[in-house]
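Work through the exercises below with the sequence and the model in view. Try each task before reading its solution.

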Amino acid sequence: MIKISPSILACDFARMGEEISKVDKFSDYLHVDVMDGLFVPNISFGMPVIKSIRKTTDIFFDVHLMIERPERYIEEFAALGSDLITIHYESTENPAEVLKQIRALGKKAGISVKPGTDYSVLLPLLPLCDLVLVMTVEPGFGGQKFMHDMMPKVSALREAVKAGGYDIEIEVDGGINAETAAIAAAAGANVLVAGSSVFAAADAETAIADIREAAEKAYKG
Ligand code: DX5
Ligand code: ZN
């Protein structure tokens, strides 16, 4: 099943509640990008912002942690009302332990790889996660161009998930619009993060519907 996760990194931060209300009724998840200026060369927002927006909507929070040593803050992000917490494979010494930590707190656990990291590092971690996030841009900034060469990674992970009989979602993040959503869904992605293509659109509802329709047609799950 295709799920759309608008990334609030692309919204107007002065009117976050209003911006979220433009998308939450039409989306499955809300993508929340946390950046620490160390793991990625940008700083976005942190706990107080998540705490405030949590009060404005019941949508499933898909929290993408682009921070060094996320184990330091998992408990806090869980308590703030995250539903899924995705960490980066490259951000911690022991990803398996952090995934266990997330699940022990009753939250869904996700693991992500940067474009330069091979998908095979994730194979031993599949039993510990609910979602795998394949970055289709270098993490750090919205509005970048979709990297087509990440599609073999998506396909290989979809195959591994099928072969292992795991219940794992495959998410893509970066440069997603209706056209690239179809490409990613054809490769086996079922959760599509979209920032600029949704929040910069004249009508967010239509933008989400277009992405969903294109992905549903193309999806090879
Ligand atoms: C980039 C973030 C993305 C970003 C996507 O590091 O993880 O979630 O918001 O933005 P677009 O959809 O504009 O590429
Ligand atoms: Zn993200």
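**Exercise 1.** Find what covers the buried residues of helix H2, and state which residues of H2 are buried.

Solution. Step 1: the cover over the buried residues of H2 includes helix H1 (16-23), strand S2 (29-35), strand S3 (60-66) and helix H3 (74-79). Helices (H or I, at least four residues) and strands (E, at least two) are DSSP runs, numbered from the N terminus. Covering is judged by contact, which means heavy atoms within 4.5 Å. This is a predicted model, in which local features need pLDDT of at least 70 and side-chain atom pairs count only at pLDDT 80 or more, while totals for chains, interfaces and linings use all residues. Side-chain values use heavy atoms, with hydrogens and water left out, residues are numbered from 1 along each chain as its sequence is written, and chains are lettered from A and ligands numbered from 1 in the order in which they are written.

Step 2: H2 spans residues 47-54, and its buried residues are Met47, Ile50, Ile53 and Arg54. Buried means under 20% relative accessible area, exposed over 50%, and partly exposed in between (1.4 Å probe, protein chains only).

Step 3: viewed down the axis of H2, the buried residues fall within an arc of 135°, so they line one face of the helix. The arc is taken over the directions from the helix axis to the C-beta atoms.

**Exercise 2.** Describe how helix H6 packs on helix H8.

Solution. Step 1: two packed helices are described by the angle between their axes and the distance between the axes. Axes are lines fitted to C-alpha atoms, for helices over the stretch in contact, and angles run from 0 to 180 degrees between N-to-C directions.

Step 2: H6 (residues 178-187) and H8 (residues 204-218) pack at an angle of about 30°, and their axes are 8 Å apart. H6 is therefore roughly parallel to H8. The cut-offs are: under 35 degrees roughly parallel, over 145 roughly antiparallel, 65 to 115 roughly perpendicular, and the rest oblique.

Step 3: the crossing of H6 and H8 is right-handed. A crossing is left-handed if the near helix is turned anticlockwise from the far one by less than a right angle, and right-handed if clockwise.

Step 4: H6 contributes Ala178, Ala181, Ala182, Ala185 and Ala186 to the contact, and H8 contributes Asp210, Ile211, Ala214, Ala215 and Ala218. By class, these residues are nine nonpolar, no polar and one charged. Ala, Val, Leu, Ile, Met, Phe, Trp, Tyr, Cys and Pro count as nonpolar, Asp, Glu, Lys and Arg as charged, and the others, Gly among them, as polar.

**Exercise 3.** Which residues of H5 and H6 meet?

Solution. Step 1: the axes of helix H5 (residues 151-164) and H6 come within 8 Å and cross at roughly 35°.

Step 2: from H5, Met151, Val154, Ser155 and Arg158 meet Ile183, Ala184 and Ala187 of H6. This contact has five nonpolar, one polar and one charged residues.

**Exercise 4.** Locate leucine 192 and list its contacts, leaving aside neighbours within four places in sequence.

Solution. Step 1: leucine 192 lies in strand S8, which covers residues 191-194. Leucine 192 counts as buried, because its relative accessibility is 0%.

Step 2: its contacts, with those neighbours left aside, are Ile2, Lys3, Ile4, Ser5, Val172, Ile176, Ala181, Ala184, Ile211 and Ala215.

Step 3: lysine 3, one of these contacts, belongs to strand S1 (residues 3-6). Lysine 3 is buried too, because its relative accessibility is 17%.

**Exercise 5.** Is asparagine 190 buried or exposed, and where is this residue found?

Solution. Step 1: asparagine 190 is in the loop between H6 and strand S8. Its relative accessibility is 5%, so asparagine 190 counts as buried.

Step 2: not counting residues up to four places away in sequence, asparagine 190 touches Met1, Ile2, Lys3, Arg158, Glu169, Ile170 and Tyr219.

**Exercise 6.** Contrast the accessibility of threonine 86 with that of arginine 69.

Solution. Step 1: threonine 86 lies in strand S4 (residues 84-88) and is buried, with a relative accessible area of 0%.

Step 2: arginine 69 lies in the loop between S3 and H3. At 45% relative accessibility, arginine 69 is partly exposed. Arginine 69 also has a positive phi of about 45°, although it is not a glycine.
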